[in-house]
Amino acid sequence: MKRLIALMIALMMLLAAVPAMAEEQILPSDDVTLTFFAGNGDVKGNEVTETIIAKFEEEYPMIDVVNVTPTSSSFSEGLKSLDAVGEFPDIMEARDVPMWVRAGKIAEVDPELIALVNNPPAFNGKHYCVPTKSDAPLGFFYNKAYFAEKGFEEPKTYQEFLDLCEAIKADGQMAPIVVGAADIWHMGFSWMTWYINYVTNTDPDFIKHLYTGETKWTDDYVVDCFTKYADIFLKGYVEEGFMSTSDSQIASFLVTGKAAMFISGSHMVANIKDADPSFEFGWFPLYNEDGALNTWGGAGLNGWMYSVDCAADEDKLIAAKLFIEFYLRDDNYAYVCSTMSMLPVTNVVVDFGEHVNEMVEVQKASETVEQGWNSKWGENEIPTAFRNFSYKIAQEWATGTKTIEQGLQEMQTEWDVETQTFNPVTGVGIVTE
Amino acid sequence: MQSDKKRRGIWQQAVRLALSMLLIMCFLMPMFTMSAWKNVTLKNGLKGNGITMLSAAQTIDSQLASIVRKAKLEEGMTSPVSGAGEKLRVTGIATLAGLIVSAVMFLMCFAEILGVNLAGKRRRLFPILALVVVALMGLGMWNFTAFAQTIKDAAAVTDEAFAKITGKLYQGDAVPEMKISVWAYLGILGMLAMAALQLLPEKKGAMSRSLLWFVVPALTMYSCFVIFPALSSVYLGFTSYDGITEASMRFIGLDNYRNIFASARFHSATFNTICIAAVFTVFVNVIALMLAVAVDKVRWGKNIFRSAFYLPVLISGIIAGFIWRIMFNYSFGVINYVFGLLGMESVKFIDAMPNALLSIIFVLLWKNAGYYMVIYLAALQSISPDLLEAASIDGANGRQTFFHVTLPMLAGSFTINLTLALINGLKVYDEIAILTDGGPGFSTETITYMIYKVAFGEMRQGYGTAMAVILFLIILVLGGFQSTMLRKREVQV
């Protein structure tokens, strides 16, 4: 009997080994160094990236992943600086994918990797990046205990939101909103919310029509949108030192009772919990005057991409593919998504908790769900330089340095200059060689 | 002895010959300046450099006329490619003329190296001839660009009749563009150097002009690694290059300069640059001089004071920026915390204008005063005690001694410090990048900062490079003017 059991166990072990043998991984023929560029700007994102890299190197000791991300520059700025000194990274988290494709810097991604994700977006009919997330809507995180104490409720219209800000300001205990404007990209969260509600809600092809000359930045509804936006700052609803507050500080403003709310993406759930695990916070989206919702969301041209040089080196390509597969493997990807509160692009099951679940429900209930204005491609792609130019103008509105009309006029002038060399509608500057 | 001299003579001739070959390389390169039609195939077979361009220009008008006729344009319609042949003809003529003039110049110089004076007194015309060549090149390039643009614009027209015309002339999506050879720049440079050398007088006892040809190897290296990249920058300023896509490097003439001068952002950056440079230059020198005098007079702890004042100089601009950014923070900064303890209101140091600009200047003064102090201190210590003693014997008090003896003796240091401070003031970058990121908005951007942001952050290398050229000219004019004035003053003193 014992012999029979031993024989059966041995047989089972052998059978268990068969699929493993069949799926034997292709590994690099020699030790490989992959230079890596991260696109995250927030602290939690960097922490998650470092953890994944460490785990990957542990599992694949022959692959050395060297993080070459500069600490003090934006994604494009950092990547271009590396390119200028001939150190374009092998693998990177994609932003501005169309621009890098046109520059001939990134390679088409292996179809095996694309098959790992649901609904991957294509550019010019080809896949240049493996998306890492589906965007959750932007909204306001707020101090739940303070709201309960004062009897404040989540606003369901834009007027209710303004009334709420006014009430918190009048209360005087804390600033209604904190904005991390020291990081220029952080301005994008608030900008995008108002822009989606009042500009693209009026004209979904606003950018395309700017290219064709049918619309202008100085049109009435655009002026109206940004007047509403700037009023939030000019009416004193935003914490006074917002220009020296960085994105990484806003969670601490909330948990220490310096501000009642801030606007950001789902990734801030983890940051707030990190700042104070016992802090009670809620979340609400910004409704327009009619109580309708227009939100940001979906999988855009963001994710993993690898360089042309990396794709040309057999070992590096194997290593890059292994890294992306490793990242998207259920256990790792579930960790990334839950830690970063990111909506997954694979079928992995993630336990998010109440806040992210609420965001998903809000997204389902939205009248329109669209990609961020700076993540679109095709005829609605904006010139690369224009995004930060706009956010800088937004800073000037917020600090009262410029009027809305002056700022929008400058934006129109800048738009006219930039579209002399880039216009996807007429094809100027769209080179694919 | 005789054979030694003879051998030396042979060696000298060999060196001269080698140098001449090098010069040939340099001087003949303008020929390739107009090698054009990169990435483009024209159906009329127009390819190659400026010389073939000239012959092609002879036939292009008739070709175009025939195409237009075949396209059967409606009455009153103008051909979108009209004038293209004329522009190409001007390009060809200019190129050929430039080539002939530079070849004449080269022959005269080459003859001189071999000991034959062909130029005679006419050598003084060389600079004018060199400028004529450069002007001809410019004219050729300008017309070629206009020609390429005409064809490109015509290709963009979707009208069927026009499409027939451009379809017959122009093929594919590529843009006809000017490809200027690296060697062409070097050639122009060599030609200007040749002209400059010809102006030097040949004096007995002085270094022979022919010896100056020995500078050529060094000049060639210097040109490759310094002057050529600088000239490339000038060229980039006339393109729409985004810094990463080679195909984006299209010649757009003066568009970048036009846009720069019309930009409110650039006006603000220029104002900030001049404001920071002026205030910094004045105050850093006043503070540095005061520190130097104080450190010179102090009786105890002299080394401690010197080290303390000099310490900020050793910190990099980035670190200094971070330190002060934390200290200036409106909500968490130590300065506002102390103000709070004293019952004062918090100050927006870097959050609003004009405080943001003043804060930047303050940090610059804090960081750099020690550097200029050291130069003043060295000068103070080199003043002869005899002078001070003589002033004292003559009954001068401390103030009189300082203003009438010490200060004039520091004239040389003033020249150095004011020039350095002005140049450094015009080039401030680190502190702005960290303290304000040029903000709020664009309000604390300087030209240097804007150049980096535009060229690297906004992917407009051509635009940024054009700005760099403007900054270079500003520094050149201001620096030259200041230096000249101060030297005059120095001489008077």
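**Ground rules.** This is a predicted model, in which local features need pLDDT of at least 70, side-chain atom pairs count only at pLDDT 80 or more, and totals for chains, interfaces and linings use all residues. Residues are numbered from 1 along each chain as its sequence is written, while chains are lettered from A and ligands numbered from 1 in the order in which they are written.

**Confidence.** I checked pLDDT, the predictor's confidence in each residue, from 0 to 100. Chain A has a mean of 86, with 92% of its residues at 70 or more. Where pLDDT is low, the predicted coordinates should not be read in detail.

**Domains of chain A.** I found domain 1 at 30-135 + 299-352 and domain 2 at 139-296 + 371-418; the bounds come from an automatic or database domain assignment. Over C-alpha atoms, their centres are 28 Å apart. In chain A, 19 residues of domain 1 are in contact with 16 residues of domain 2. On the domain 1 side, α2 (43-59), α4 (97-102) and α15 (330-340) of chain A each give two or more residues, and α2(A) has the largest share with 3 residues. Helices (H or I, at least four residues) and strands (E, at least two) are DSSP runs, numbered from the N terminus. That domain 1 side has 7 nonpolar, 8 polar and 4 charged residues. For the classes, Ala, Val, Leu, Ile, Met, Phe, Trp, Tyr, Cys and Pro count as nonpolar, Asp, Glu, Lys and Arg as charged, and the others, Gly among them, as polar.

**Chain A against chain B.** I get 35 residues of chain A in contact with 30 residues of chain B. On the chain A side, α3 (75-84), α4, α17 (386-398) and α18 (404-418) each supply at least two residues. The largest share, 6 residues, is from α3(A). By class, this side of chain A splits into 9 nonpolar, 15 polar and 11 charged residues.

**A sheet in chain A.** I traced an open sheet of 4 strands in the order β6-β7-β5-β8, with mixed pairing. Strands pair if DSSP finds at least two bridges between them. Its edge strands are β6 (175-177) and β8 (281-284) of chain A. Inside the sheet, β5 (residues 139-143) and β7 (residues 259-264) of chain A run antiparallel, joined by 4 bridges. A:Phe140 has A:Ile263 as its bridge partner in β7(A).

Most residues other than glycine have a negative phi, and most peptide bonds are trans. I noted A:Ser341, where phi is positive, near 50°, in the loop between α15 and α16 (354-365) of chain A. Buried or exposed, I wondered about A:Ser341? A:Ser341 is buried, because 24 other C-beta atoms lie within 10 Å; buried takes 20 or more, exposed 12 or fewer, partly exposed is in between, and C-beta atoms are placed from the backbone. B:Met459 has a positive phi of about 60° and is in the loop between α18 (447-457) and α19 (461-492) of chain B. B:Met459 is buried too, with 26 other C-beta atoms within 10 Å. Last, I marked the cis peptide bond from B:Met353 to B:Pro354, with omega near 0°. B:Pro354 lies in the loop between α12 (334-341) and α13 (355-381) of chain B.

Note on methods:
Two residues are in contact if their C-beta atoms, placed from the backbone, lie within 7 Å.
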